[in-house]
Amino acid sequence: MEKRVTFKGIWLPLLLVLPQIAITAVFFFYPAGQAIWQSLFIPDPFGLSMQYVGLGNFEFLFSDPFYRASFLTTAIFSILVTVVSMGIALYLAVLADRLIKGSGVYRTLLIWPYAVAPAVAGVLWLFMFNTRVGVVTWYLGLLGYDWNHVLNGEEAMGLVVVASAWGRISYNFLFFLAGLQAIPKSVIEAAAIDGAHFWTRFRTIVFPLLSPTTFFLLVVNIVYAFFETFGVIHTITSGGPQQSTTILVYKVYSDGFVGQDLGSSAAQSVVLLVIVGLLTIVQFKFIERRVHY
Amino acid sequence: MATVSLKNIKKSFGKTDVIHGVDIDIQEGEFIVIVGPSGCGKSTLLRMVAGLETITAGEVHIDDRKVNDLEPMERDIAMVFQNYALYPHMTVAQNMGYGLKIAGRPKDEIADRVDTAAKLLQLEPYLDRRPRELSGGQRQRVAMGRAIVRKPAVFLFDEPLSNLDAKLRVQMRLEIKQLQRRLGVTSLYVTHDQVEAMTLADRMIVMNAGRADQIGAPLEIYANPATEFVAGFIGSPPTNFFSADLVQTPQTDAKTLGVRPEHMEIVTENARLSGEVLYCEALGAETLVHVRVPNEQVLTVRQSAEKPQPSEGTPIGLNWSANDQMGFDENGKRR
Ligand SMILES: Nc1ncnc2c1ncn2[C@@H]1O[C@H](COP(=O)(O)OP(=O)(O)OP(=O)(O)O)[C@@H](O)[C@H]1O
Ligand SMILES: [Mg+2]
């Protein structure tokens, strides 16, 4: 049984949660409320007056082919980031789990990228793939491949995916490794005695037992790819070329702050708000029904 | 069914030597129990036979086949773990059939063999449950079932009953014994519980700090312990040991003498040792009398409950037959 701390009065607990509530109110409820409010209006270009348009901004938004394209871009981007970062992390975690000696060193080295801010990571990768002076570009050139993510949308997507996934590998790795180490060694040994070789064991025992971790990471990584990759995209491609890397979050910024279309930008924020809400519900549902073997 | 032989098996973890050379030839269908205190290397020895630990030196043969370098799955063994090691995401039936499924056996054969094993172990009502929905005893049975379904040549057990309560342990002990008799599969069984060892074993290996102090039939070992350690470990309450100079009847080459509590008798005359009653423990059928002897040591006498129970502080004498007296030299070897 869980031990619950109980308070006698109402005032102390209220006082204790007050700072958190205040922060949430100032940095979340207030701007979110404003976004919802603004999404119902179109301001004039000078910001002096606003005209009420009801759901007009949303109607316009969903009929806008660029916005729909951005949805597709976001989907491709998030799936790629999630699959790449989780796949590599799982592979590394399996290797680290098999190590008996030196796994501490391995782990520490793998955690480092997580400490690098997304924008900095973006710049780092940008330098390596710089079309004129990038090291990787130069080597690719030697191999006869002409890398130019400034012109080629697919290459741009590839680069932002790699840069975004890179920092996530550490995070996913830690969770996967913890998940792997929580599997009793004797279960793996029993499977080995039962005749299962490494790959069979992984497929039939390890991976199923890891599924709670995998599902958790899936949600967390999708949320990351949706909302926290702004810095990477902003530093590497600024959403280009031709909007090929403009994910929804970036579009909010570029339409609102660059394009000065505040009404549409607010409406887009509201759409994102709904998406976060849905993802959160999925996650909570999962945590409630979390499978305990 | 198979023979198993261990030839001078040694194991080191890095620089620490854990097993210092164990030899035994196990007959077909024999039930061998490896018994010893915690940390003496029982599990390590068993795991080397299973192929879960590398063998530092020596050879393991299963049916004349040297298995040192074979993977666990190539050794034709099955193992029951202390924590059962069931696959938590599979049903009881899937747990038991896993090995056969991996081996690519046809579905109806798997179902058949699982059903047979389930019947044998009274697991039929639980075939669709998952391990977490079972009691400890039932999980234990599933682990047994998983072992027998594959019809291996050798069963290995690592303290399979130590997570069960005392009553269930006695019941499962009996079941394991009967099952092994019925199937006739050569078995190696690790335990630190000497009662389990005595009741299950055809022969037992008494291990002490990585060495096999004695190998033999339970009663033979009880009657004739080879070392001071074995005499102290097998038998409950443990053998009384005391310095040889304490008694008049000298056994010249022995430094320490050992007499089992059940072989000591409280007497009023012709005492070999005199002492004073410290306290009595009445257990119902028998009474343990703890006696303080001149060098302040406390010895235990086990006597039937019908005998008069001496009151605390009474001076008494202790006697035993010369045949029951065991002498040990300074290295603990039997003289
Ligand atoms: N992987 C390992 N690395 C280093 N030392 C080990 C390892 N496994 C076991 N040992 C050591 O080997 C010795 C024997 O261990 P083992 O597990 O065989 O004991 P045991 O007789 O089974 O004890 P128990 O009754 O507590 O299970 C112990 O001293 C233990 O510390
Ligand atoms: Mg052990």
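Helices (H or I, at least four residues) and strands (E, at least two) are DSSP runs, numbered from the N terminus. The model is predicted: local features need pLDDT of at least 70, side-chain atom pairs count only at pLDDT 80 or more, and totals for chains, interfaces and linings use all residues. Residues are numbered from 1 along each chain as its sequence is written, while chains are lettered from A and ligands numbered from 1 in the order in which they are written. Helix H1 (residues 42–50) of chain B gives the largest share of the shell around ligand 1, three residues.

**Ligand 1**

- A residue counts as near a molecule if its C-beta atom, placed from the backbone, lies within 6 Å of it.
- The residues around ligand 1 are Phe13(B), Val18(B), Gly36(B), Ser38(B), Gly39(B), Cys40(B), Gly41(B), Lys42(B), Ser43(B), Thr44(B) and His192(B).
- Sorted by class, this shell holds three nonpolar, seven polar and one charged residues.
- In that sorting, Ala, Val, Leu, Ile, Met, Phe, Trp, Tyr, Cys and Pro are nonpolar, Asp, Glu, Lys and Arg are charged, and the others, Gly among them, are polar.

**Contact between chains A and B**

- Chain A puts 15 residues into the contact and chain B puts in 18 residues. Two residues are in contact if their C-beta atoms, placed from the backbone, lie within 7 Å.
- On the side of chain A that touches chain B, helix H8 (185–193) and helix H9 (198–227) of chain A are the elements giving two or more residues.
- H8(A) supplies the largest share of that side, six residues.

**Chain A**

- Chain A contains 12 helices and two strands. Their order from the N terminus is α-β-β-α-α-α-α-α-α-α-α-α-α-α.
- Its C-alpha atoms fill a box of roughly 75 × 75 × 30 Å along the principal axes.
- Of the 293 residues in chain A, 30% are buried. Buried means that 20 or more other C-beta atoms lie within 10 Å of the residue's own; exposed means 12 or fewer, partly exposed in between, with C-beta atoms placed from the backbone.
- Helix H6 (residues 135–142) of chain A has eight residues and the number buried is zero, so it lies largely in the open. Gly144(A) follows H6(A) and has a positive phi, near 90°.
- Among contacts in chain A with a separation of 6 or more, 68% join residues 24 or more positions apart.

**Chain B and its domains**

- Chain B has eight helices and 18 strands. Its C-alpha trace spans about 75 × 45 × 30 Å along the principal axes.
- Buried residues are 38% of the 335 residues in chain B.
- Chain B divides into domain 1 (4–232) and domain 2 (239–328); domain bounds come from an automatic or database domain assignment.
- The C-alpha centres of these two domains of chain B lie 39 Å apart.
- Four residues of domain 1 of chain B are in contact with six residues of domain 2 of chain B. The domain 1 side has two nonpolar, one polar and one charged residues.

**Nonpolar cores**

- A nonpolar core is a set of buried Ala, Val, Leu, Ile, Met, Phe, Trp, Tyr and Cys residues joined through C-beta atoms within 7 Å.
- The largest nonpolar core has 98 residues, and Ile32(B), Val33(B), Ile34(B), Met79(B) and Leu156(B) have the most contacts inside it. Domain 1 (4–232) and domain 2 (239–328) of chain B both give residues to this core, so it lies between them.
- Another core, of 34 residues, lies apart from it and includes Ala96(A), Val160(A), Leu177(A) and Ala225(A).
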